[in-house]
Amino acid sequence: MRTTRLGAIAAALAIAVSGCGGGGEEKTSAANDKPTGSATMWVRDSAKGFITLLADQYNKTHDGKVKVTVVPSGNFVQKFGTAAASGSGPDIASIDLVYLPYFASKGVLDDLTSVLNSLSWKDGLSTAHKKLAVYDGKTYALPFTAEASVTFYNKDLFKKAGLDPDKPPKNYAEMLAAARAIRKLGNDYYGFTMAGQCGGCNVFEFVPHVWASGGKILSDDGKTALFDSPEVTDALAFHRQMWTEGLMPPSAKTDNGSVQPQSFQSGKVGMVNLGAFFVQTLVADKKIDFGATPIVGKDGGTASFAGGDEIAVTKGAKNKAVAYDFVKWATSEEAQTILAKNAIVPVRTDLVDKIYAPLDPRYKVLGEAMATGQTPYSVVENGIINDNNGPWPAVAAAGSGARRRPARRTGSG
C-alpha cells in the first residue's frame with residue numbers, strides 16, 4: 001500500500017534526525033550577540049552559481065564570516081539529517097522550502113519567529129515561503145531564494161503557425177489549439193513538452209494547472225491527498241490528450257527533467273512549463289524569441305508553484321551570532337539584489353519591480369507569479385511528491401484521469 005511506503009520513508013528520515021540538537025552551547029540571546037568568528041553553511045548544488053558571490057559580499061562587509069559547503073541536491077535531505085543527528089551539521093542550512101515542515105517537526109531548527117518579526121520588511125517576504133516555514137505556530141526559517149513556474153512559448157513558432165505571439169493561451173482549449181497548429185508545421189515540430197519521469201518537475205510544472213482551475217492536491221494541513229478531485233482529473237486528461245494526439249515529442253514520456261529544456265531550445269517545441277532560471281538560459285542562448293506567461297487553468301485562471309529555498313539556523317549551531325546575522329542579511333535589499341542579478345527571483349515581493357523586473361521584461365511575469373504562487377505543505381512531501389516511486393508520480397504516470405482514485409492519507413497511520 002502507498003501508506004506503508006510513506007510510513008517507511010517518514011520513519012527512515014526520523015531515524016536520521018533523531019537526537020538532533022547537540023553539538024554546541026545554545027544561547028538564548030544569540031540574535032543579540034556580537035557577530036564575530038565563522039559560521040558554516042550548507043546549500044544545495046542548485047545554488048552553486050550564486051552562493052559564493054553572496055557569501056563573499058557578506059564576508060567583505062561584516063566582522064563575522066560564512067564558510068559555504070555545496071551538497072548535491074539528491075543527497076541533501078539524508079546528509080543534513082544524518083549530520084544533525086551526530087552533531088556535525090552546519091550552523092546555517094539553505095533548505096528546499098518543501099522540506100521545511102518536516103525538519104521543523106523534528107526539532108532540528110531554531111525558532112526564528114522573533115527574527116522574522118524584527119524585520120521591517122517582513123510583510124514584503126514571499127507568502128508561500130513564510131507559510132512553509134511555520135510549524136506548530138512558530139517560524140523556523142526565513143525566505144532565502146525563490147523560483148516560480150510559468151509557461152514559456154516560442155514566438156517565432158506562434159507566428160509561423162498563424163498564432164498571435166502577443167496573445168498566449170488563456171485556458172486548456174487555447175493551449176490545445178496552439179499545440180495543434182504548431183504540430184502542423186512539420187513532423188519534427190511539437191506543441192508542448194514535459195518531463196514525464198520526474199516527480200519534482202511535475203509538481204512544479206503540472207500542479208499549477210490544477211490550482212489555476214480551483215483545485216488542490218493536498219488539504220491545507222497537508223494530511224490528506226486530494227488526487228481524486230475533478231480538477232486533477234481534468235488536468236491529467238488535458239496532458240493525456242496532448243500526448244495521445246502526438247503534440248508532445250516521444251522524449252516527454254521518459255524525460256527525467258534533463259531533456260525538456262533542450263527540446264524547447266531546439267526551436268522545434270512551441271510551449272513548456274519551466275522556472276525563472278530558464279530566462280537566463282534562453283537569453284544567453286540567443287536563438288529563440290520567447291515569451292513567458294502564467295500557467296493557465298481549464299477555463300481560465302492562472303497559478304504558479306512558488307519554489308526555492310528557506311534559510312535556517314540549526315539547533316546545534318556552534319556560532320549562532322553569525323548565523324542569525326547572516327540569515328537576516330540574506331533577506332536584505334543588498335543580498336536580494338545580488339540574487340536578482342543572477343536570475344534568482346527575489347523573495348522580497350516588495351523589491352521585484354525595483355531590482356528584478358528591470359533586468360528583463362519577462363522577469364516581471366516571474367516575479368508576479370512567485371508573489372501569488374502556492375506550495376504544498378506536508379511533513380512528508382518528499383515521499384508523496386518528489387519520490388519517483390511515490391503516489392503522486394504514480395498518479396501522473398497513469399495519465400488519463402479516467403479512473404477516479406481515492407484520497408490517501410499522507411501520514412503513516
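This is a predicted model: local features need pLDDT of at least 70, side-chain atom pairs count only at pLDDT 80 or more; totals for chains, interfaces and linings use all residues.
1. Helix α15, which spans residues 333–340, is largely enclosed by the rest of the structure, because 6 of its 8 residues are buried. The buried residues are Ala 335, Gln 336, Thr 337, Ile 338, Leu 339 and Ala 340. What covers them includes the helices α2 (51–61), α14 (320–329) and α16 (352–356), together with β6 (142–154).

2. Across the whole structure, a search finds 15 aromatic pairs. One of these joins Phe 152 and Phe 278, whose ring centres lie 5.3 Å apart and whose planes stand at 90 degrees, so the pair is edge-to-face. This pair links distant parts of the chain, since Phe 152 belongs to strand β6 whereas Phe 278 belongs to helix α13 (residues 277–285), and the two are 126 residues apart. Both Phe 152 and Phe 278 are buried.

3. Phe 152 and Phe 278 also take part in a cluster, in which ring pairs link them with Phe 264, Phe 277 and Phe 290.

4. Arg 362 is placed over the face of Phe 290, at 3.8 Å from the ring centre, and Phe 290 is itself one of the residues in the aromatic cluster. Lys 268 lies over the face of Tyr 189, at 5.0 Å from the centre of that ring.

Terms used
Residues are numbered from 1 along each chain as its sequence is written. Side-chain values use heavy atoms; hydrogens and water are left out. Buried means under 20% relative accessible area, exposed over 50%, partly exposed in between (1.4 Å probe, protein chains only). Helices (H or I, at least four residues) and strands (E, at least two) are DSSP runs, numbered from the N terminus. Contact means heavy atoms within 4.5 Å. Rings of Phe, Tyr and Trp (its six-membered ring) pair if their centres lie within 6.5 Å; planes under 30 degrees apart count as stacked, over 60 as edge-to-face and the rest as tilted. A charge sits over a ring if NZ of Lys or CZ of Arg is within 6 Å of the ring centre and within 35 degrees of the ring normal.
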